[in-house]
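Here is a briefing on the model shown below. It goes from the contact between the chains to the build of one chain, and then to single residues.

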Number of protein chains: 2
Amino acid sequence: MNRLLADRMRGISAFYVMELLQRAKQLEREGRDIVHMEIGEPDFPTPQAVLDAGDRLLKTGEVKYTAAAGLPELRRAIADFYRKRYGIALEPRRVFVTPGASGAFLLAFGVTLNPGERIMMPDPCYPCNDNFVQLFNGKTQLVEVDADSAYQLTADAVERHWLPDTKGVLVASPANPTGTLIAAAEFDTVINRVQTLGGCFYSDEIYHGLTYEKPARTALAVSQKAFVINSFSKFFGMTGWRVGWLVVPEDFISATEKLAQNIFISTPTHSQYAALASFSDANLAELERRRQLFQQRRDFLYDGLIRLGFKLACKPEGAFYLYADCSAFTDDSFAFARELLETEGVAVTPGKDFGAYRAQNHIRFAYTASIDRMADALARIERFLCR
Amino acid sequence: MNRLLADRMRGISAFYVMELLQRAKQLEREGRDIVHMEIGEPDFPTPQAVLDAGDRLLKTGEVKYTAAAGLPELRRAIADFYRKRYGIALEPRRVFVTPGASGAFLLAFGVTLNPGERIMMPDPCYPCNDNFVQLFNGKTQLVEVDADSAYQLTADAVERHWLPDTKGVLVASPANPTGTLIAAAEFDTVINRVQTLGGCFYSDEIYHGLTYEKPARTALAVSQKAFVINSFSKFFGMTGWRVGWLVVPEDFISATEKLAQNIFISTPTHSQYAALASFSDANLAELERRRQLFQQRRDFLYDGLIRLGFKLACKPEGAFYLYADCSAFTDDSFAFARELLETEGVAVTPGKDFGAYRAQNHIRFAYTASIDRMADALARIERFLCR
């Protein structure tokens, strides 16, 4: 028992998948071939235009602190992207460049959440979200969601679960681990309901751009009072660069700036200059090519998993995840994932990393591997199921 | 009044110097020549060996997430640096690579500090320290310090100010804004006293390496229970890369790893590979050359300020700051700094950024400009004083 440990750490969980990941690396060191479908990271290299821009900055040698809120030209470029992509006018001063979406969450909850206040989010959802709330000694209200709402919160559910100390609601669309989008009309209703109830709306839009049937709707199309979290990691393919952004309401600009100055000083300078190259037409064309590859992979993996007997109530329209019901095979998806790794060398993420609700019956497959590799993985899984 | 703003934001202050910095940039756009002595950032470019290592990583295109705790080889290199530099054996698994020292502070307070608990630190000190405590809804206990203790806490002061809800004590040596070191014997006594009192000791060692008479002592030479914050920004000259580290006690390793996974995912990958090149003999020789230049600058600026009538009770032995008493000229150092900027184009940082105690009588000068530029600045200040 560590007497000096902060209480919040009791509420913060490690990722279960890390245990599997370490074991997978161990097996690889022993010479085993592992198919990685556990990681939320595109397998593509950083786009060339972005690498070139990073390289140009390094050539100057001047990798100095930037303004805490980010390079002015990058804030403008992001604001401009909202105009081009969504037809939305956004003032650059509402855009804060952050060290990844992680930094955006730190700022968004840091400027709004008091100890003891609650943030509502769906179960399942991305585990860090809950842990950011714990970091500030807040409480997470998990609301169980099913395929009938595309694993998303509804306005009715928000209202039904609202408590006096609920501070706000977090929606991710496309979502992790389910890859599902919230219906546009429901999204608007949820945002309006939250604001009528007097809460904050946090929109996790880090998988925007990675959608396969229709574009995702941004909360900024509905309300200028929403907090919007986005990132260069997923669609833009810049994971290790650690650069994302947060859009805040007008009356949070000065607080957000103060907090960013204090807790980050600034976002990595070379990453910011590199990110500037993301918005060129040539780079966007490359990203569109990658998006189409992800769509082919999704279709391939979806069909393959269904064929093997996994259940998927809907075909997810975004991100690069399938959250498959494995109850035909097991009531303990963690043990299933562990055995699958040991026996066949396929690494996947167990449901319990994403919540409690029916977690033991679900596994997340990331289609961040090529179709060839996934075909191999499906053959191995089939063998595993017939063992 | 913003009803949704978190309470903590009332306790978090912006840097006053930011107002001056913005004004300085405005004046530069209008064609004025400004001597910058306000910024805590070396004026040297990133060392070539580090740029080259960053460049090599970019050439691979593989800028992917690393382990949350950092690249294993960088953790080993940092541990090895403790052996070479301080003669201390340190297990790499106690070393966490972080997004700058900012990230190290987030982790150190995140894993230890509960809302309402107090962290003791000197006044004056670096403003972010207090604001990190506010972030976690803790309370800062500022203890006024003077030149007679080299602006550092003493063991007696720690004991005298200790309260039931004091969680720990933060010491920075060399310190910002004063540039002073704590005496080695006093340092050891402070650490032991804090641990006898049952608290956490946090050692801010980000200016280690930048010392001009004797090396600074690391808390790890005294106790394996201390939290040690360090950075590649200052001595290693990598500010904009945002990479630092935290050394934690054995029984905080797993909590720190969980928190790092959740709030950062990882530290910028290219920055970590670049930082690996910091420890080569050739690079350390270049850093030694820079250290000697800083020493020459310190001596030059110290003599110049004394000659003009500023008071410096002791000659600071580290960092790149002089914290000068300007009471011969003004009782409002912020107004003084503003007028000095407007009239003569010399940018400095007013004492109020570093606390309340005699802040109106102090100004911080950073010797992050060349001797030629500082000679120019001194001539301008002399003219300003004779106006």
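**How the two chains meet**

The contact takes 56 residues from chain B and 56 residues from chain A. Two residues are in contact if their C-beta atoms, placed from the backbone, lie within 7 Å. This is a predicted model, in which local features need pLDDT of at least 70, side-chain atom pairs count only at pLDDT 80 or more, and totals for chains, interfaces and linings use all residues. Residues are numbered from 1 along each chain as its sequence is written, while chains are lettered from A and ligands numbered from 1 in the order in which they are written.

**Interface and symmetry**

- On the side of chain B that touches chain A, the elements giving two or more residues are helix 2 (48-60), helix 4 (100-110), helix 5 (127-135), helix 8 (253-263) and helix 9 (269-276) of chain B. Helices (H or I, at least four residues) and strands (E, at least two) are DSSP runs, numbered from the N terminus.
- Helix 8 of chain B gives the most to this side, with 6 residues.
- By class, this side of chain B has 29 nonpolar, 19 polar and 8 charged residues. Ala, Val, Leu, Ile, Met, Phe, Trp, Tyr, Cys and Pro count as nonpolar, Asp, Glu, Lys and Arg as charged, and the others, Gly among them, as polar.
- Chain B is superposed on chain A by a rotation of 180 degrees with 0.0 Å of shift along its axis (RMSD 0.0 Å). The two copies are thus related as by a two-fold rotation axis.

**Build of chain A**

- Chain A has 12 helices and 12 strands.
- Its C-alpha trace spans about 60 × 55 × 50 Å along the principal axes.
- Of the 387 residues of chain A, 55% count as buried. Buried means 20 or more other C-beta atoms within 10 Å of the residue's own, exposed means 12 or fewer, and partly exposed lies in between, with C-beta atoms placed from the backbone.
- Among contacts in chain A with a separation of 6 or more, 74% join residues 24 or more positions apart.

**Domains of chain A**

- Chain A is divided into domain 1 (7-46 + 283-385) and domain 2 (61-279). The bounds come from an automatic or database domain assignment.
- The centres of the two domains, taken over C-alpha atoms, are 25 Å apart.
- In chain A, 36 residues of domain 1 are in contact with 36 residues of domain 2.
- Helix 10 (281-308) and strand 9 (321-325) of chain A each supply at least two residues of the domain 1 side. Helix 10 of chain A gives the largest share, 8 residues.
- That side of domain 1 has 19 nonpolar, 9 polar and 8 charged residues.

**Residues to look at**

- Phe365(A) and Phe365(B) touch the most other members of the largest nonpolar core, which has 244 residues. Such a core is a set of buried Ala, Val, Leu, Ile, Met, Phe, Trp, Tyr and Cys residues joined through C-beta atoms within 7 Å.
- Beyond its neighbours within four places in sequence, Phe365(A) is in contact with residues including Met37(A), Leu301(A) and Tyr321(A).
- Leu308(A) lies in helix 10 of chain A. Leu308(A) is partly exposed, with 17 other C-beta atoms within 10 Å.
- Not counting residues up to four places away in sequence, Leu308(A) touches Leu378(A), Ile381(A), Glu382(A) and Leu385(A).

Technical notes. Copies are superposed by least squares on the C-alpha atoms of residues with pLDDT of at least 70 in both.
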